[in-house]
Amino acid sequence: MQAFIHGVILAIGLILPLGVQNLFVFNQGVTQPSFFRALPAIITASMCDTLLILISVHGISLLLLSFGFLKIIMAAFGAVFLCYIGWLTWNNTAVNNDRDKKSLSSKQQIIFAVTVSLLNPHAILDTIGVIGTSSVNYQGDDKLLFTAACIIISWAWFFFLAILGRGLGSQNWFIQYYEVINRFSAILIWGSAVYIVLTML
């Protein structure tokens, strides 16, 4: 079980820091009319993370990012979408009665979840650095257990974030400060977009 426990610890360390992907899933838990309506964001983010973990374990992502033009394209698309998501977040102050009007559709959730998950070269490099590099220490069943642990933690975390957002979204104190929280989230998202552009120049 050493490989499994190692995978759990690494995945938690990788996924816990506040990032655009986490903020997006959490916000869907807050703004969607029901938890069920937030499932497209949760499942898409989880599937994208699963894909990143699998390709990192097999070293494919490092090969993909070795092409400079691909990194530039990913950075450009990622920065544009992050700016748009930041704008939506900045202007979204709906929590209660306006949820149906202001919440993202399933299609929008899927598109944005894919964007914040896969069009950020740094997120992929982080996955390579932590999970991909560590996976080389394991072979056979141990590597399978290590990979499974990382994937399980990823799925559990996104479901937890949406449930947390759903729970906080019904609290009066949270509703009062939601606009401030969203503005702060938007600034973080725009900061991520700027960071991607600057590091790709």
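Visitor: Among contacts between residues at least 6 apart in sequence, what share join residues at least 24 apart?
Guide: That share is 87%, where contact means heavy atoms within 4.5 Å. This is a predicted model, in which local features need pLDDT of at least 70 and side-chain atom pairs count only at pLDDT 80 or more, while totals for chains, interfaces and linings use all residues. Residues are numbered from 1 along each chain as its sequence is written, and side-chain values use heavy atoms, with hydrogens and water left out.

Visitor: Thanks! How many helices and strands are there in the protein?
Guide: There are ten helices and zero strands.

Visitor: Let's look at α9. How far does α9 reach, first C-alpha to last?
Guide: Helix α9 has 28 residues and reaches 40 Å, close to the 40 Å expected at 1.5 Å a residue. The expected span is 1.5 Å times one less than the number of residues in the helix.

Visitor: Which residues in α9 are buried?
Guide: Among them are Phe 146, Ala 149, Cys 150, Ile 153, Trp 157, Phe 158 and Leu 161.

Visitor: At what angle do α1 and α9 pack?
Guide: Helix α1 (residues 2–15) and α9 pack at about 35°, with their axes 7 Å apart. Axes are lines fitted to C-alpha atoms, for helices over the stretch in contact, and angles run from 0 to 180 degrees between N-to-C directions.

Visitor: Is that crossing of α1 and α9 right-handed or left-handed?
Guide: The crossing of α1 and α9 is right-handed. A crossing gets that name if the near helix is turned clockwise from the far one by less than a right angle, and it is left-handed if anticlockwise.

Visitor: Which residues of α1 and α9 meet there?
Guide: On the α1 side they include Phe 4, Gly 7, Val 8 and Ala 11, and on the α9 side Leu 145, Ala 149, Ile 153 and Trp 157. The residues of this contact divide into 15 nonpolar, three polar and one charged. Here Ala, Val, Leu, Ile, Met, Phe, Trp, Tyr, Cys and Pro count as nonpolar, Asp, Glu, Lys and Arg as charged, and the others, Gly among them, as polar.

Visitor: What about α2 and α9, how do their axes cross?
Guide: The axes of α2 and α9 (residues 141–168) come within 6 Å and cross at roughly 45°. That angle makes α2 oblique to α9, given that under 35 degrees counts as roughly parallel, over 145 as roughly antiparallel, 65 to 115 as roughly perpendicular and the rest as oblique. The crossing of α2 and α9 is right-handed. Among the residues in contact are Val 25, Phe 26 and Val 30 of α2, with Phe 158, Leu 161 and Gly 165 of α9. The contact of α2 with α9 has nine nonpolar residues, four polar and one charged.

Visitor: Switching to Asn 27, is Asn 27 buried or exposed?
Guide: Asn 27 is buried, as its relative accessible area is 9%. Asn 27 sits in helix α2 (residues 20–31). Apart from residues up to four places away in sequence, Asn 27 touches Thr 89, Tyr 178, Asn 182 and Ser 185.

Visitor: Where is Cys 83, and what is its relative accessible area?
Guide: Cys 83 is in helix α5 (residues 68–91) and is partly exposed, with a relative accessible area of 39%. Beyond its neighbours within four places in sequence, Cys 83 is in contact with Trp 190 and Ala 193.

Visitor: Last one: how many residues of α3 are buried?
Guide: Helix α3 is mostly covered, with 15 of its 19 residues buried. After α3 comes Gly 59, whose phi is positive, near 75°.

Notes: Buried means under 20% relative accessible area, exposed over 50%, partly exposed in between (1.4 Å probe, protein chains only). Helices (H or I, at least four residues) and strands (E, at least two) are DSSP runs, numbered from the N terminus.
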